Amino acid sequence: MEEWLRKTFRIAEWLPNYNSHKFGGDLTAGLTTGVMFIPQGMAYAVIAGVPPIYGLYAGVIPLLIYPLLGTSKNLSIGPVAIDMLIVAAGVSLLAEPNTDRYITLTILLTMMAGGMQLLMGSMRLGSILNIFSRPVIAGFTLAAPIIIAFSQVNNLLGINIPQTQYVFVIIEEMLLQFDEIHWQTFMWGGGAILLLAIMRYVKPVFPSSVIILIGSLVLSWGIGAEKLGIQLVSDIPSGLPSFALPEINFNNMRELLPTALTLALVQFMSVASLGQTFAKRHNYIIDANHELVALGASNFLGSLFKSIPVSGSFSRSAASEQANVQTPLANIITSVVIIATLLFLTPIFYFLPMPILAAIIIVSALNLIDIGEFKFLYKTKRSEGLIAIFTALSTLLIGIQEGILLGVIASMIYMFYHYSRPNVAELGIIPGTRLFKNLDRNPEAKPINGVMILRVDASFSFVNADFFRDYIIEKSRKRNQSTRYVIIDGSTINSLDTTAIDKIKSMVGTLKNWDIELYIAGLKGPVRDVVDKSGLREFLGSDHFYRDPHEAVSHILELIDEEDKSSRLADYKDVIG
């Protein structure tokens, strides 16, 4: 029991060695991220389609739970813009944003996503849940900020646009309602965007969003912005979130299931990638499965106290790192800041203009766009760059969940295509060695006359069995006049299935019709086991299997010498030295 508690509650690993030096770093980091959390939490709640107060509720229980279980020292937990976009895309199909039903469904979605993460982490599925390849993530994180930014057009321009994830619908509505734009609202929002952009280069002491937030509150209160037609946040309830079970309705859960699964996986990928980045930078190890458990517990238990979904925030984690964070305790200090805000400061936010929140959201979202990632993918591997572009366009044109799904499908199709047509290299001997290397990549490699040596750079399975068979037969047919023996270097074959066994037997028959013998060399132990159990060794002959290409070539040259009364083997030995 004690061992289970120690492995589950990772706080036991670092708390015994905690000291005042570490507390100093955590205090600075916690206060820094706490100040950042207030405007970001409120703004991201608006993206999700719930009142701003729910963004602050997400800073209470989840931030107290994660330090007990989490393995990342640097991760700052809380609402994240992209997660909120997924929430809005899924829940808005079932209810009108900012209504009681919508809020209820959002809290239920938080519980479902947390429950899935807990289950997946407990089953140690972290290593097999990486279905979102780098191109898919890159494509989604290009499209998502654009959708987020356009979703705030109504608050930025003071016009009434229906909640939608489709950018072109928003643009159409914006053009139709151009005459109804409230220009004073736009001046507030546009001015805030301009100031936030300038502050990126000025680098003030305090976070720029906090400065804009405080400045707009003072100005709004001082000039009476509400009288000018500027929409304000208005009344925000004071006090901590109370315990309440989300309304469990199986019809709602069934309808929310795709969104919950998407959210759970996207959050896990975000936390895992962020955690790995900081762990590598600071030389420690995180447990992906336990991160799933920690994130799931934070969401599940947070939903009992009205929290919206939380995961790892890149901007707040980076700020925490710069503030010399030492342990996950910094999240608890951030939570204390949010609790104090909920208890004492919520009346102040009555005067917060909605265009200011819109400006903070738009700038934060657009900062997520990384064109350099697209350039890297396209330059390194063009196919992956194209998958990223396809995912981005699918997300923008078809929808968020649909775009992610299509991106994953495109990645899988490419992966299967790649596996079905892998590289097959023709090998030659490197003079002075017993090494056989790719003739196309090693000019010094010399082919063995009458012997074709092929290396298969993949597992041999039903996915590529036809390709291998047809490739080897076609290659042998083209060289039929000069090739008498074919050797397959199986050192790179990690697995062999029954379909591949059948194709090899078929290939052997075809080659024999052309008086060509097939040999196999370098098979690994597990692959040799399959060869023996399937009867392939008996079918081909035990003298057709060798430990490496060198032994196979030596045997074949010995046979040639016996048949042709030549000295090919001696010449070969002279070459290898």
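The model is predicted, so local features need pLDDT of at least 70, side-chain atom pairs count only at pLDDT 80 or more, and totals for chains, interfaces and linings use all residues. Residues are numbered from 1 along each chain as its sequence is written, and side-chain values use heavy atoms, with hydrogens and water left out.

Taken along the principal axes, the C-alpha atoms fill a box of roughly 105 × 60 × 50 Å. The radius of gyration is 31 Å, whereas a compact globule of 577 residues would come in near 25 Å (this is taken over C-alpha atoms, and the globule rule is 2.2 Å times the number of residues to the power 0.38). Buried residues make up 53% of the 577, where buried means under 20% relative accessible area with a 1.4 Å probe, protein chains only. As for contacts (heavy atoms within 4.5 Å), 80% of those with a separation of 6 or more link residues 24 or more positions apart.

Turning to secondary structure, the protein has 26 helices and eight strands; these are DSSP runs numbered from the N terminus, with helices being H or I of at least four residues and strands E of at least two. Six of the strands form an open, mixed sheet in the order β4-β3-β5-β6-β7-β8, and two strands pair if DSSP finds at least two bridges between them. Its edge strands, β4 (436-438) and β8 (545-546), each pair on one side only. Strand β3 (residues 424-429) runs antiparallel to β4, and three bridges join the two. In β4, K437 is the bridge partner of G428.

Methods: Buried < 20%, exposed > 50% of the residue type's maximum accessible area, 1.4 Å probe, protein only.
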